[in-house]
Amino acid sequence: MRWLVALLIWAVPAAAEEVVADLSQNRISITADFDGSEILIFGAVKREEPLEGVPLEVVITLSGPSQTVMVRRKSRVAAIWANTAAVEVDRAPSFYAVATSGPLSQVLSQTEDLRHRITTRRAIRAVGAPQEVLDLPEFVRALIRVREGAGQYQLREGAVSVREQTLFSTSIELPANLVEGNYEVRIFLTREGHVINAYDTVIYVQKVGLEKFLYVLAHERPFIYGLMSLALAGVAGWGASAAFRWLRP
Amino acid sequence: MQVYLPIAEVSVNAFMLLGLGGLVGLLSGMFGVGGGFLITPLLIFIGIPAAVAVATSANQIVASSISGVLAHFRRRTVDLPMGMVLLVGGLIGAAIGMRVFNWLRAMGQVDLLVSLSYVVFLGIIGGLMFIESVNAIRRARSGGRPAQRRRHNWVHALPLKMKFRTSGLYISVIPPLMVGVLVGLLAAVMGVGGGFVMVPAMIYLLHMPTKVVVGTSLFQIIFVTAFTTMLHATTNYTVDVLLALLLIVGGVIGAQVGTRIGARMKAEQLRVLLALLVLAVCGKLAIDLLLQPEELYSVSWRGF
């Protein structure tokens, strides 16, 4: 028995500082009137030793399901602007938000960023791009720029408020055009750029009710779904015609 | 009031969609065009993924065309035999067009080719129609006798002649069949009903009376767009029925109003207005192709 306790203690070195966190909701239902959502992420730092001198920082990421996306670039071909180059990015999150308690360059070191894939640039994986495209980083920057413009990627430095180096909270706006899937929340405690503890949890985003029914029908019974769409169109077209004839004979 | 669309996976304002449907329905009823050449770019503009916009507008066109054609049936301005001949051609054309579309998509240039074919077709047809109908109005104003259309051309020398009583025509089925194939082809490649090509072709090539043209074109469009809706729903899963329903509710009302306005207007005036509309859309697309876009990069997902 004693050896088992000893092994456990050895295997799980008690972190000096540990994150305890929760979300305002861990399940988002997409209903017919869904218009975006706001997630409140909050928590505390559990300590077994007295506070150290260097202040503690918090980095929080929220990442949507990964997608394979196509980034295309236009250039002028005989007076017309046409897509002339394309890069397929293997894995880009459909949504990505980074919130920090201070300027990113100060709260997180480059090596820790590489290891944990924290910044948007690191969260995107672009390998296997065609050889002829030499400016791959330019395409990835464009992907980030386009999606930042659409509110799908967010970088909010200083958005996490930390109190007494113990309590922290932030809120992240989720846009209305949310994709179904599991959204991963990661919370990193850093000190002098080094990650000292991390915590992660998941938010389930799901269509419900009519949205769910239509989506499932469209993908699993496409023929019936198509016929239903046509029948609806037919009834609506005939109904409007009949109604107008009745109103103005 | 925001509505989340289950297939498009975006949230949009329901009243904006109703208004958009109404506007397109109005034009559909007035001119006998499906309105696809307007609604598809408009839907893409408000943020609906292109593939969903194309497939769903096909579904919407079915409804507005049914609503429009019923009013024409009551006024006996549908040439059914002609409609059937055009339809046979249309289905053949749509089947070929889908293959062309998939082939272009594999090459990754489908957007450009769709835009280019819009500009070329809308430009030629809009230009010709505008010149012709302005001339017709001028002749009518100057008090001269109405323009005598050339009744005999190569169309009348072809075999397989058939009587089209409603149109008062006795011509070969080959030209309407060819028109149908061309329209079906464009319908599949450009994601439109094809009325804007069919209406002028019926007037200028087949010499059908303008009042019959609108109803007959709507009749053919119903079945060709129903066919493309099914193709999109079963192969790409891109028909958004909630989006379609909102567009339809606006569209069927617009179509009824449009049919009544169209019945009160002179044929020449209708043609001038349609020509101007076609030229306006053509101009907008041409400018987009020629001017340097603000963002040179675009991101697409799921093949949209």
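Colleague: Which strand of chain B does strand 5 of chain A pair with, and in which sense?

Modeller: In this predicted model, strand 5 of chain A pairs with strand 5 (residues 297-301) of chain B in the antiparallel sense, over five bridges.

Colleague: What is the bridge partner of Arg72(A) there?

Modeller: Arg72(A) has Ser298(B), in strand 5 of chain B, as its bridge partner.

Colleague: How many residues does each chain bring to the contact?

Modeller: Chain A contributes 47 residues and chain B contributes 47 residues. On the side of chain A that touches chain B, at least two residues each come from strand 5 (66-77), strand 6 (80-93), helix 5 (136-149), helix 6 (209-220) and helix 7 (222-247) of chain A.

Colleague: Which of these elements gives the most?

Modeller: Helix 7 of chain A does, with 16 residues on the side that touches chain B. By class, that side of chain A has 30 nonpolar, nine polar and eight charged residues.

Colleague: Turning to confidence, what are the overall scores?

Modeller: The model has an ipTM of 0.78 and a pTM of 0.75. The mean pLDDT is 84 for chain A, where 90% of the residues score at least 70. For chain B the mean is 80, and 90% of its residues reach 70 or more.

Colleague: Where in chain A is confidence lowest, and where is it highest?

Modeller: Helix 1 (residues 2-11) of chain A has the lowest confidence, with a mean of 51, whereas strand 7 of chain A has the highest, at 93. Over residues 8-14 of chain A, pLDDT stays under 50, and the model has one contact beyond four places in sequence for that stretch. Where pLDDT is low, the predicted coordinates should not be read in detail.

Colleague: How is chain A built up?

Modeller: Chain A has seven helices and twelve strands. Of its 249 residues, 29% count as buried. Among the contacts in chain A with a separation of 6 or more, 70% are between residues 24 or more positions apart.

Colleague: What is the strand order in the open sheet of six strands?

Modeller: The order is 2-12-11-4-7-8 in chain A, and the pairing is mixed. Strand 2 (27-30) and strand 8 (153-156) of chain A are at the edges; each has a single partner strand, so one side of each lacks a neighbour in the sheet. Neighbouring strands of this sheet are turned by 15° against each other on average, direction ignored.

Colleague: And how does strand 8 of chain A pair with strand 7 of chain A?

Modeller: Strand 7 (residues 96-100) of chain A and strand 8 of chain A pair in the parallel sense over four bridges. Within that pairing, Val98(A) has Leu155(A) of strand 8 as its bridge partner.

Colleague: What about the open sheet of four strands in chain A?

Modeller: Its order is 1-3-10-9, with antiparallel pairing. Strand 1 (17-23) and strand 9 (161-163) of chain A are the edge strands, each pairing on one side only. The twist from one strand to the next averages 20°. Strand 9 of chain A pairs with strand 10 (residues 167-174) of chain A in the antiparallel sense over three bridges, and the bridge partner of Arg163(A) in strand 10 of chain A is Leu167(A).

Colleague: Where do the domain bounds of chain A fall?

Modeller: Domain 1 of chain A covers 17-206, and domain 2 covers 208-249. Their C-alpha centres lie 40 Å apart.

Colleague: How many residues of domain 1 of chain A are in contact with domain 2 of chain A?

Modeller: Five residues of domain 1 of chain A are in contact with four residues of domain 2 of chain A. The domain 1 side has two nonpolar, three polar and no charged residues.

Colleague: Over to chain B: what do strand 3 and strand 4 of chain B form?

Modeller: Strand 3 and strand 4 of chain B form a hairpin with four residues between them, and Gly168(B) in the turn has a positive phi of about 65°. Strand 3 (residues 161-164) and strand 4 (residues 169-172) of chain B pair in the antiparallel sense over four bridges. Lys163(B) stands opposite Tyr170(B) of strand 4.

Colleague: Which residues does Leu242(B) touch?

Modeller: Leaving aside residues up to four places away in sequence, Leu242(B) touches Leu214(A), Val3(B), Leu5(B) and Pro6(B). The C-alpha atoms of Leu242(B) and Thr56(B), 186 residues apart along the chain, are separated by 9.4 Å.

Terms used: Residues numbered from 1 in each chain as written. Chains lettered and ligands numbered in written order. Predicted model: local features only at pLDDT ≥ 70, side-chain atom pairs only at ≥ 80, totals over all residues. Pairing = 2+ DSSP bridges. Axes fitted to C-alpha atoms, helices over the stretch in contact; angles between N-to-C directions. pLDDT = per-residue confidence, 0-100. Domains from an automatic or database assignment. Contact = placed C-beta atoms within 7 Å. Nonpolar A, V, L, I, M, F, W, Y, C, P; charged D, E, K, R; others polar. Buried ≥ 20, exposed ≤ 12 C-beta atoms within 10 Å, placed from the backbone.
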